[in-house]
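Good morning, everyone. Before we turn to discussion, please take a moment with the sequence and the structure, and then I will go through them region by region.

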Amino acid sequence: MRPLDEKETSVVFEKLFKFVGNNLKNIVENPSHEGPDANPGRYCFRLHKNKIYYASESLVKRATNVARPNLVSLGTCIGKYTHGGSFHLTVQALNLLAANAKHKVWLKPQSEMSFLYGNHVLKSALGRITDNIAAGDGVVVFSMADVPLGFGVAAKSTQDCRKLDPNGIVVLHQADVGEYLRMEDEL
């Protein structure tokens, strides 16, 4: 387990910025009230076995007592580096993204299961959509009851969605909470 270097930090922050925008400041400066210290600490990012973890500094300090080969996980795994060197956000980052999301999409109740099985979001599935979404922006997908279901990338802008046919793809699927069941062994 080690801190991220400059290149890794910029790649992770660019990916997070795509979803949360200027709210990235809230993620970085979020005070942590964990541990025995009276003063709140901060959260930090750590790399361990090609996975990026978001953990409080007090937890990281206590984890230094565990040998690296014996350390399985630390804090919340928000993403991983692939063998090719690119960074992917994982479904575990959903709570972090949902709390700070810049662009949101709400699904109709009958369309939630389709998204949870790993399918893209169609225009006919949209319940609501935030304004000013551009194609390629990161989007967090919610149910109509404001329960975060997953995230993806906008295939069309908000303006283009209004003119789109009902079978047109609005959000390209990246991750959803159904992965906890489908990919149980890999998480």
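Predicted model: local features only at pLDDT ≥ 70, side-chain atom pairs only at ≥ 80, totals over all residues.

Let me begin with T130, which, leaving out residues up to four places away in sequence, touches K102, H103, K104, W106 and T158. T130 sits in the loop between strand 9 (126-129) and strand 10. Is T130 buried or exposed? Its relative accessibility is 18%, and because the cut-off for buried is under 20%, T130 counts as buried.

For the pair P166 and S124, the separation is 42 residues in sequence, while their C-alpha atoms are 4.7 Å apart in space.

With a relative accessibility of 44%, N50 counts as partly exposed, and beyond residues up to four places away in sequence it touches K80 and Y81. From N50 to H83 there are 33 residues along the chain, and the C-alpha atoms of these two are separated by 8.8 Å.

Now to helix 1, which covers residues 6-20, 15 residues in number, and reaches 20 Å from first C-alpha to last, close to the 21 Å expected at 1.5 Å a residue. Which residues of helix 1 are buried? They are E8, V12, L16, F19 and V20, and because they cover an arc of only 85° around the axis, they lie on the same side of helix 1. As a general point, an α-helix has 3.6 residues a turn, so residues three or four places apart point the same way. On the other side of helix 1, the exposed residues are E6, K7 and E14.

At the N-terminal end, D5 caps helix 1, with a side-chain oxygen 3.2 Å from the backbone nitrogen of K7. Following helix 1 comes G21, whose phi is positive, near 65°.

V12 and L16, together with F45, I52, I78, L89 and L97, are the residues with the most contacts inside the largest nonpolar core, which has 27 residues. At least two residues of this core come from each of several elements, including helix 1, helix 2 (24-28), strand 3 (41-48), strand 4 (51-56) and strand 10 (138-143). The core also draws at least three residues from each of domain 1 (2-95) and domain 2 (103-183). Apart from it lies another core, of 16 residues, among them F115, I133, V139 and V170. Returning to V12, and leaving aside its neighbours within four places in sequence, we find it in contact with L4, I52, I78, Y81 and F87.

The domain assignment gives domain 1 as 2-95 and domain 2 as 103-183. How far apart do the C-alpha centres of domain 1 and domain 2 lie? The distance between these centres is 26 Å, and across the boundary seven residues of domain 1 are in contact with 18 residues of domain 2. I will stop there and take questions.

Note on methods: Residues numbered from 1 in each chain as written. Heavy atoms only, no water. Helix = DSSP H or I, 4+ residues; strand = E, 2+ residues; numbered from the N terminus. Expected span 1.5 Å × (residues − 1). Buried < 20%, exposed > 50% of the residue type's maximum accessible area, 1.4 Å probe, protein only. Arc of directions from axis to C-beta. Polar contact = N/O pair within 3.5 Å; in protein donor to acceptor, adjacent residues only side chain to side chain. Core = buried A, V, L, I, M, F, W, Y, C linked by side-chain atoms within 4.5 Å. Domains from an automatic or database assignment. Contact = heavy atoms within 4.5 Å.
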